[in-house]
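Please keep the structure open beside the text while reading.

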Amino acid sequence: MRYLLLILLNIPVVSLALLNIITQHKMGRTPKKRFNRQLLLWVVILTLLIGSFPLYNLLVNRPPLDSTDLSAFDIVEITVIIFLIYSNNDQRRKTEQTERRLNDLHQELSIQLSNDK
Amino acid sequence: MVEKKFCVVIPAYNEASVIKGVVRSARKVFSSFKYPVDIVVIDDGSRDNTSTEAMAGGARVIRHILNSGAGGATATGLSYAMQYGYTGAATMDADGQHDPQDVLRGITEISTGNIDLLIGSRLIDSSGMSRVKVLGNWGLSLITFILFGVKSTDSQSGMRIYSRKALEQLRWKTSGYEFCSEMIWRASQLGLTICEYPIQAIYTDYSKSKGQNNWNAVNILKSLVKRRVMEAFE
């Protein structure tokens, strides 16, 4: 039940991330290499989420990790981490875009003002 | 048939005391070339009379509103060259470190049409360079190779010649001196033909005083590692 909860809480974020990167790529806003890397990242996260039940079973009370059962705290922690990865990725993309536009604007403005003199 | 013409970009920051002389001596050398060569000084937000002095020397001047760093100033100059239809462009330092004859040799080489990015290397013949500078530049070239897989004897050289194809395609993200390494990496990613040729470094008391602090190599290294790591997550 807890594993199902973990998956249900995180599926929306992972789905949104995948939808974003596919849309960006289809609209020509993301180069293929970046698309491939981002796709790999989120597919790995999705696989680990879906495989969390067998993964925990493998690690519970076994060396070297001696993991305990999935707790409520673990669920919250993992959900927050995945959300932060998504948010950080998105913010970084926007920051880079803004920086690029600002640099281009500064360049063009400098050239135009020099032309006007 | 469109006549070939070339643009020499000189990024400058607080070089009022030498820029007029640098521009005049460059104009004298370039006047003998078979194609027209225009000189454009990019004043990167200087606090002295760099712009006025550069214009007095006969250069066209583009003045940055904000100080953007060597990478930013170079990007503006090459963008100008691309927009105004130049066949190729070159960059050289504003402090008199570069011999305009070396720039002309590079432009002559690029005008044959086979090379996209030609880097003037001070380390092919490093006589005249101090050991510290040789070691520092060699170290940064090694780091450029380790991080980006691109071989270069002088990855930090400011004398570079660009073909039209390079002007149209080459872009980079860093704005400080680390752009020198990033540019070579981006050129390699784009499949541009990169070559080197030997140049002389002219060290005067002025250029030595204006030159990079060796500790800046730490900042360059940090920025390059960060850029490389970020690329893996993009």
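In this predicted model, eleven residue pairs are in polar contact across the interface of chain B and chain A, both partners having a pLDDT of 80 or more. On the side of chain B that touches chain A, the elements that contribute two or more residues are strand 3 (60-63), helix 3 (69-83) and helix 9 (216-233) of chain B. The residues on that side of chain B comprise ten nonpolar, five polar and six charged ones.

**Extent of the interface**
- The contact between the two chains involves 21 residues of chain B and 15 residues of chain A.
- Together, chain B and chain A bury about 1,600 Å², and 47% of this area lies on carbon and sulfur atoms.

**Salt bridges between the chains**
- Between chain B and chain A there are two salt bridges.
- B:R227 and A:E96 are joined by a salt bridge, in which the closest N and O atoms are 4.0 Å apart.

**Two helices within chain A**
- Two packed helices are described by the angle between their axes and by the distance between those axes.
- For helix 2 (residues 32-50) and helix 3 (residues 52-59) of chain A, the axes come within 4 Å and cross at roughly 60°.
- Helix 2 of chain A brings A:L48, A:L49 and A:I50 to this contact, where they meet A:S52, A:F53, A:P54 and A:L55 of helix 3 of chain A.
- Sorted by class, the residues in the contact between helix 2 and helix 3 of chain A are six nonpolar and one polar, with no charged residues.

Methods. Residues are numbered from 1 along each chain as its sequence is written. Chains are lettered from A and ligands numbered from 1 in the order in which they are written. This is a predicted model: local features need pLDDT of at least 70, side-chain atom pairs count only at pLDDT 80 or more; totals for chains, interfaces and linings use all residues. Side-chain values use heavy atoms; hydrogens and water are left out. Contact means heavy atoms within 4.5 Å. Buried area is the accessible area (1.4 Å probe) that two parts lose on being put together, summed over both. A salt bridge is a side-chain nitrogen of Lys or Arg within 4 Å of a carboxyl oxygen of Asp or Glu. A polar contact is a pair of N or O atoms within 3.5 Å; within protein, one must be able to donate a hydrogen and the other to accept it, and residues adjacent in sequence count only if both atoms are side-chain atoms. Ala, Val, Leu, Ile, Met, Phe, Trp, Tyr, Cys and Pro count as nonpolar, Asp, Glu, Lys and Arg as charged, and the others, Gly among them, as polar. Axes are lines fitted to C-alpha atoms, for helices over the stretch in contact, and angles run from 0 to 180 degrees between N-to-C directions.
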